[in-house]
Amino acid sequence: MSKSKHVKVVLRTRPSSNFAQDIINFGLDKKSTHIHIPKDTEGGYINNQQEDWDFKFDSILHNASQENVFEECAAPIVKGLFDGYNGTILAYGQTGAGKTFTMTGATENFKHRGLIPRTISQIYKDIADRPQTACSVRVSYLEIYNEQMIDLLSKNVSENNSQDQFQIESNLNVVEDKNGNSNVRGLTSEIANSEEEALNYLFEGETNRSISEHQLNKSSTRSHCIFTIYIEMRSRVESSEKVIYSKLNLVDLAGSERLSKTHTTGVSLKEAIEHIPYRQSKLTNVLRDALGGNCNTLLIANIWGEKEHIEETISTLRFATRMMCVSTTPQLNVQYDPLALIKKYEREIKELKQELSMHDTLTNRSHVHYEPLNEQQKMELNKTLRSYVDGEIEEIEIVNLRQIRECFNQFKNLVKLLEIEGEERLKFLGNKAANNNSMMTLPTGSRDATAIHSEKLQQFNEMKEVDQDIGVGDVEGSGFGIGLAPQKSNLKGKDKRRKGAQKGSNLQHSQLSRVLNSGHNDEDEETEKDVVESSTAIKDEQSGNVAANNMSSNNPNQLPPINGNQHITNDGLNAALSPSKKVSIPTTLPPPSRPEEFESFKKGKGSDMSKVLIENKNILRQKKKLAKEVAEELNSIKDELDTTKQNLDKKYAERNSGDFTDSKEHIVIDEEEYYLLNTLKTLRQQYRQKFEIIKQTRKEIEYCSRLVDQCRQRLMQEFEQYYENLYGQNLVEVVDENNQIGLQVEDVIDIGEKFDKIQSERMSHEDPDSLPYYNARKNTERKKQIQSKGRKANYSFKAN
Ligand SMILES: Nc1ncnc2c1ncn2[C@@H]1O[C@H](COP(=O)(O)OP(=O)(O)OP(=O)(O)O)[C@@H](O)[C@H]1O
């Protein structure tokens, strides 16, 4: 693949009928773009407002199809994966510019699937084309929201598919391995043995994302999502200790306008991506290896080229230009499997030993062994050495390297012992001389030189015990006296040492735990502080300063509870809340049944989604029809094949019974057999082709079925919300003037809703910026309630 020296940047436009053609111009080279905004005349005579901007990128994809985008952006990077190069593709741009469409695609529509499903598909095709390589694929899905990392494939999320139980994974940490690759420790990475399995994980992650979205009241616009595919490759034919690892990060970044508010002028991607300082940001840490430049990195700058978004567009183009300055030097990720290496070395050692023993046999050294010396052999060597030292023998026969090593070992011990003895003797003589001179007696309890000597000997023997290489046996008698002290005393000594060591480690442990505990206490203090702060916040609410301070806080966790009825006990607040009232409205009929209303919903408000559902179902039907047709064709080809084979067998049998060879003993076949052979060949080819088609179609059917299900679910959700909005109010029985009993909608605003209303009004005055966040949170909460109600409702009908 091309060795790009910078991050590759591709510009993609979101198709729009209001595209600002008079402002944005693309060059014929499909790389350059020019933006012209005429000067604002209200700026006066001296007006320095910039009018023209020029940008140049690696490629511009204007109104491009999903397939084109995949070919231009992802295909080369996927190819690089199989050569051992990591890859990262980032989608950047303002909210609504098409980042998610680019990465994931329109989940309802197979034709519009995005880079991730296409990449998955390509990877498995490439694996199938490499029968000589054993590949294993794993996938992970991480979301970063408000500097919190969420494992979208965590079992906790999918198993407890209840929103109430969703939790942010707190055990995720970004770590760097010895090769400088960053990894998220604790992040689930699932083995995906097929395209289907990998897609399952993708969809599972998407579902979990929406669950967490409800649970955390977050907006997907402000979260980064990283879907990572890891590939491990080993050759099936060459040496298998060589392993190629590669990974591809597919990143759907948060909407850029949020980010650019704080950092539009940073020089590098890292600074511009988040307002958190680069080094501390979770995103930049997770993508450190990608941004650090050791992989093929590509940025897709998504723009929404309408006039009203021109400022965001220019900001995106500026950022994309800066990204082109980030240099990359992709590095090959080849490692050697240590276990396979050990096996390889063991094999080599075995072979070398065999060669050596062959060599010894040839040179009449067949008694030589290369195994380590055992205790018996060590004792024998010890005796030989003593004889040598005592002068009984003149030389020691050298047999092999191990024997020489053992000789040196034993001589070393001997020298050490002699040194100790010499020192003690000198001390003893010195003391004796001093005593003689001063005529002083040794104080009670002091030990004589003999005692010290034996203690030293004991220490020395203990030392030897510990040294595993020393294998001197318990030798009696004279010679150079390398004996072992009694086992008991050794053990005592060892016990002491062990205890000492244990004490040390206990000490370390207690110090460590003290340090840890002190940290913990700090944390406790923090928590306490938080509690105090949050209780102050509650008090504030109670005194009427409802959440104004908290809403301006950056930490969403500090938001006051929205439906916290228990907090609304203050008189001031109660006074502000008007009592529930019945609004007098005309008597109404009971609401239509859900199935009835669903039919009109599909024709009205839900018509778009319903159309998509119908379209998808049609595609699915077509695919199924195609699969059926191809299966039938396949069966008839199979029948033909069988018949042709039978005919050929008959022909063989005929030929074998007579003489069908020419003068040179070559087999001669008649025209009919020749025709049958050709037919067999053609039929086999056709069979293979049809089989491939049916395989591919089945995959597509699988995919489309999933889309149809998703579509159906979404339609149901939207209908539930619609129905709830229309008829969700409480109905009460009322009697009219004519004594007719009817149902009336009770306009009840409960205490929580009143609280919400007051908060909204207050915030629109005090902190209007926080209002969208607050509203979004409220809406999500509402949706969650509707969904859970919808689940509880017992449908007697199905969305078709
Ligand atoms: N190239 C395109 N072709 C057709 N529709 C598109 C294209 N790009 C975007 N859209 C549509 O525009 C809408 C917004 O796109 P999308 O959700 O991908 O934006 P986004 O940049 O991911 O926004 P956010 O930052 O909120 O996640 C979607 O309905 C999507 O289907």
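Me: Two strands pair if DSSP finds at least two bridges between them, and a strand is a DSSP run of E, at least two residues long. So who stands opposite His 36?
Reply: That's Asp 52, in β4. Helices are DSSP runs too (H or I, at least four residues), and both kinds are numbered from the N terminus.

Me: Before I go on, what kind of model is this?
Reply: A predicted one: local features need pLDDT of at least 70, side-chain atom pairs count only at pLDDT 80 or more, and totals for chains, interfaces and linings use all residues. Residues are numbered from 1 along each chain as its sequence is written.

Me: Ok, back to β4. Which strand does β4 pair with, and over how many bridges?
Reply: β4 (residues 52-56) pairs with β3 in the antiparallel sense, over 5 bridges. β3 (residues 32-36) also pairs with β2 (residues 24-26), again antiparallel, over 3 bridges.

Me: What sits between β2 and β3?
Reply: They form a hairpin with 5 residues between the strands, and Lys 30 there takes a positive phi near 60°.

Me: Zooming out, how many helices and strands are in the chain?
Reply: 22 helices and 17 strands. The chain has 800 residues, and 24% of them are buried. Buried means 20 or more other C-beta atoms within 10 Å of a residue's own; 12 or fewer is exposed, in between is partly exposed, and the C-beta atoms are placed from the backbone.

Me: Which residues does the "binding site" annotation cover?
Reply: The unreviewed UniProt entry lists Gly 93, Gln 94, Thr 95, Gly 96, Ala 97, Gly 98, Lys 99 and Thr 100. UniProt positions use the numbering here, feature names are shortened, and annotations may be inferred rather than shown by experiment.

Me: Why does Gly 98 count as buried?
Reply: Because it has 20 C-beta neighbours inside 10 Å. Gly 98 lies in the loop between β6 (87-93) and α2 (99-103). Beyond its neighbours within four places in sequence, Gly 98 is in contact (C-beta atoms, placed from the backbone, within 7 Å) with Arg 12, Arg 14, Gly 93 and Asn 302.

Me: And Lys 99, buried or exposed?
Reply: Lys 99 is buried, because 28 other C-beta atoms lie within 10 Å. Lys 99 is in helix α2, and its contacts beyond four places in sequence include Asp 252, Leu 253 and Asn 302.

Me: New topic: where is Leu 299?
Reply: In strand β14 (residues 296-303). Leu 299 and Val 10 are 289 residues apart in sequence, yet their C-alpha atoms are 6.3 Å apart. Not counting residues up to four places away, Leu 299 touches Val 7, Val 9, Leu 90, Tyr 92, Ala 320 and Met 323.

Me: Which residues are buried in α10?
Reply: Ala 320 and Met 323 are among them, along with others including Phe 319. Helix α10 (residues 310-323) has 14 residues that should span 20 Å, and its end C-alpha atoms are 20 Å apart, so the two agree. The expected span is 1.5 Å times one less than the number of residues.

Me: How far does α20 reach?
Reply: 81 Å from first C-alpha to last, close to the 84 Å expected for the 57 residues of α20 (671-727). Its buried residues include Leu 676, Tyr 703 and Tyr 723.

Me: What does the "coiled-coil region" annotation cover?
Reply: Residues 620-654, according to the unreviewed UniProt entry. That span is 100% helix and 0% strand, with its end C-alpha atoms 51 Å apart.

Note on methods. Contact = placed C-beta atoms within 7 Å.
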